[in-house]
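Q: Please take a close look at one part of this structure, the pockets. What lines them?

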Amino acid sequence: MTQRQIAKELGISVATVSMALNNSPRVKEETRKRIKQLAIKSNYRINETARSLSCGKTRTIGILFPKFQNSFYAHLADEIHDQLIKRDYMGIFLSVSDERNINKCIDMLIQRKVDGIIAKHLKYPFLARLTQESIPTVFYSVTDAGVDSVIVDSGSGICNVLKHLLELGHRKIGFVGRNNEFEERYTAYRHVMAANCLEIKDEWIANGYANHKQGYAGMLQILAGEDLPSAVVCHSDLAALGAMCAAFEKGLKVPDEIAITGFDNIVASRYAAIPLTTLDVNIEKVSESLLEILFYRLSGKQHNQALHTIITPELVARKSTIPN
């Protein structure tokens with residue numbers, strides 16, 4: 001049954017049927033109810049192509065994330081998908097694996113006339129390109145003051161996990177992650193260690209943040225030294241799980257001989273051989289915040305300043321740091 005047939009059977013205009021099916025407040029509740037009941041009874045389906053042509057909206061959102069084999073982004077993508085469905089929107093999820101395909105992914109979203117975009121941190125040329133487009137865009141983990149973003153306060157998270165380790169008596173603490181001065185988690189680690197007058201040895205620091213393999217290799221590098229740390233803070237849960245595997249291979253007991261912490265609180269961290277102490281970034285809150293900002297922009301409301309939501313991660317203490 002078409003909108004015209006519904007209108008004819010109910011004795012109303014096609015325009016009224018269209019407005020009712022699009023939840024327009026201009027249609028009386030009683031009339032809207034009659035129209036929707038008949039639409040359901042007749043198995044009416046909205047022609048999304050026609051609707052997008054008439055209203056200039058496709059009800060689609062583009063999502064640019066790193067490879068979805070990273071369980072953190074897979075989980076976040078699931079949350080965004082579920083919340084989009086509740087809003088009667090569809091997501092187009094694209095994996096930005098390297099710089100070679102970023103422009104291609106952006107082109108695809110523009111060509112499909114998405115209403116908005118959610119993107120992970122991108123390098124400046126690509127970030128600038130998205131902000132120059134007329135498509136509302138919200139970034140995850142971008143600290144640029146000029147763009148809408150949802151930011152996890154990684155620095156405070158690392159401070160909390162180090163406080164936890166210090167309270168347990170650890171003083172020789174290593175780090176596996178992005179070890180450069182522009183990385184918030186690394187700078188927070190160095191700041192807390194310095195504030196507590198604790199030594200930082202180069203051999204206790206290794207690069208390895210994105211996955212199990214990097215965490216594993218980073219921990220092996222640390223364990224090759226003569227003076228080992230009693231605890232290691234890892235950039236992510238994936239890196240921490242790889243680091244834990246390396247510790248097991250070297251015959252070390254976790255946490256009795258070496259404590260290990262992660263960041264993200266992915267599902268696997270709870271069910272590891274030794275449940276992982278980590279920082280929970282609250283993926284549901286991240287998803288809700290990204291969409292809240294994006295749909296505020298889509299509503300057409302004017303707000304000249306960039307919108308930011310800061311999420312503070314919470315410590316989840318488990319057996320990888322707490323001795324039996």
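A: **The pocket linings**

β1, α5 (71–86), α6 (99–111), α7 (124–132), β5 (149–152), α9 (184–195) and α10 (212–223) each supply at least two residues to the lining of the largest pocket. Helices (H or I, at least four residues) and strands (E, at least two) are DSSP runs, numbered from the N terminus. This is a predicted model: local features need pLDDT of at least 70, side-chain atom pairs count only at pLDDT 80 or more, and totals for chains, interfaces and linings use all residues. Residues are numbered from 1 along each chain as its sequence is written, and side-chain values use heavy atoms, with hydrogens and water left out.

The largest pocket holds about 1,600 Å³ of space. Its lining has 46 residues, and Pro66, Tyr73, Lys120, Arg178 and Tyr209 are the closest to its centre. A pocket is an open set of points on a 1 Å grid over the protein atoms alone, where a 1.4 Å probe fits, with protein on both sides within 12 Å along at least five of seven lines; lining residues have an atom within 4 Å of a point. Grid points are joined across faces, edges and corners, and a volume is the space filled by probe spheres set on the points.

α7 gives the most to this lining, with three residues. By class, the lining has 22 nonpolar, 13 polar and eleven charged residues. Ala, Val, Leu, Ile, Met, Phe, Trp, Tyr, Cys and Pro count as nonpolar, Asp, Glu, Lys and Arg as charged, and the others, Gly among them, as polar.

The second largest pocket has a volume of about 280 Å³. α7 and β4 (137–140) each supply at least two residues of its lining.
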